[in-house]
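I opened this model to look up how its parts pack. My notes follow.

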Amino acid sequence: MKRWISLGMAGVLAAGLALGGCGQKPAPPNNAGAGGAPAAGGDTKAGAKFNIGMVTDLGGVNDNSFNQSAWEGLQRLAKDTGAQVKYLQSKSDSEYIPNLTQMVKGNFNLTWGIGFIIGDAMKTVATQNPNAKMAIIDNVVDAPNVESVTFAENEGSYLVGVVAGLMTKTSKIGFIGGMDIPVIKRFEAGFKAGVAAVNPNAKLTINYTGAFDKPDLGKAAASTLYNDGADIIFHAAGATGSGVFNEAKDRLKAGKKVWVIGVDQDQSKLFGDDVTLTSMVKRVDQAVYRISNDLIAGKYEGGKTIVLGLKDEGVGLPDTSKKNVPEDVLKKVEEYKQKIIKGEIKVPEK
């Protein structure tokens with residue numbers, strides 16, 4: 001297993017989305033693949049002959065979460081290297097294998113699978129296509145032609161648990177997860193430990209919606225938790241989490257102040273500072289960018305697993321946290337962060 005020394009916290013590119021969908025073969029890129037034409041203006045960049053694609057899980061590319069972050073990483077790669085990037089959006093579990101196969105058979109130099117639940121499908125396609133280069137986020141696929149990336153979500157979630165534990169006024173806090181799978185359990189476990197470390201008397205209520213693509217379920221779950229007295233909810237539910245923010249905004253309009261802690265991206269940029277307390281940022285964009293760029297540089301390492309935590313800057317809080325989180329709380333967060341990095345605190349994973 002290898003670890004990166006650092007993932008720089010560079011901003012992601014907000015660019016227009018390329019079109020994709022199941023049942024539609026990815027269009028061949030204009031400047032990638034064997035014999036591809038140079039980039040516009042004759043300026044041939046390092047990645048001009050590379051075609052890199054990704055397959056989303058059910059949350060979709062506009063999930064305001066890890067699928068979107070992955071796509072933003074590929075968009076930035078395209079801008080920097082000249083590589084052509086595409087995505088295929090999955091709308092049901094049955095589309096994972098066909099979508100991954102379309103990418104592989106379309107001569108993509110690297111095919112990404114985004115999300116834990118794509119793991120079995122990627123194992124199948126990787127085994128059937130041993131010469132294809134593939135990579136996955138949030139799962140480990142044991143295959144020589146797959147590079148796997150996981151994150152220490154429990155470490156970053158511990159820190160936002162510290163924030164919630166110190167800032168709750170009702171001593172009632174909620175956690176809303178998507179599917180009950182190992183990666184989301186890491187979010188839950190770390191958050192629970194962080195809250196308990198600073199506020200052992202706080203009551204934490206857990207609710208799993210069973211979906212990453214159902215904002216209505218997220219809104220209903222948030223309504224129940226807020227009605228029970230919670231004033232802060234941390235969600236790890238992909239696009240379902242949009243409903244949590246919608247419920248918080250509705251309550252704010254009605255004169256009730258509640259908070260949401262976002263996930264994967266700095267969600268204050270989308271949902272606003274009025275309801276977003278902070279976010280547990282997971283740098284999926286940086287991971288996708290790094291490995292894809294390694295491929296272009298001839299450094300792809302199939303069969304390897306990369307784990308990114310606090311010391312790698314793979315997880316953490318965004319700089320915008322200071323808008324709503326007091327300085328003394330942020331100092332406490334930093335104290336706990338350093339203890340985790342030094343090994344003085346071992347954050348549970350489940």
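I looked up what covers the buried residues of helix H7 (residues 241-253). The cover includes strand E6 (172-177), helix H6 (215-227), strand E8 (232-236), strand E9 (259-264), helix H8 (268-271) and strand E10 (276-282). I take helices (H or I, at least four residues) and strands (E, at least two) as DSSP runs, numbered from the N terminus. Contact means heavy atoms within 4.5 Å. Buried means under 20% relative accessible area, exposed over 50%, partly exposed in between, with a 1.4 Å probe and protein chains only.

The model is predicted: local features need pLDDT of at least 70, side-chain atom pairs count only at pLDDT 80 or more, and totals for chains, interfaces and linings use all residues. Residues are numbered from 1 along each chain as its sequence is written, and side-chain values use heavy atoms, with hydrogens and water left out.

Which residues of H7 are buried? I list Gly241, Ser242, Gly243, Val244, Phe245, Glu247, Ala248 and Arg251.

I checked the length of H7 next. At 1.5 Å times one less than the number of residues, its 13 residues should span 18 Å; the end C-alpha atoms are 19 Å apart, which agrees. Just after H7, Gly255 takes a positive phi of about 90°.

Then I turned to H6 against H7. Their axes come within 6 Å and cross at roughly 50°. That makes H6 oblique to H7. Axes are lines fitted to C-alpha atoms, for helices over the stretch in contact, and angles run from 0 to 180 degrees between N-to-C directions. Under 35 degrees counts as roughly parallel, over 145 as roughly antiparallel, 65 to 115 as roughly perpendicular and the rest as oblique. From H6, the contact residues include Gly218, Ala222 and Tyr226; from H7, they include Gly243, Glu247 and Arg251.

Now the sheet. I find 6 strands in an open sheet, ordered E2-E1-E3-E4-E5-E11, with parallel pairing. Two strands pair if DSSP finds at least two bridges between them. Strand E2 (84-88) and strand E11 (305-308) are the edges; each has a single partner strand, so one side of each lacks a neighbour in the sheet. Neighbouring strands are turned by 20° against each other on average, direction ignored.

E3 (residues 110-114) and E4 (residues 134-137) pair over 4 bridges. Thr111 stands opposite Met134 in E4. Helix H3 (residues 119-128) lies across E3, E4 and strand E5 (146-151), at about 170° to E4. Helix H9 (residues 284-296) also packs on the sheet, and its direction makes about 165° with that of E3.
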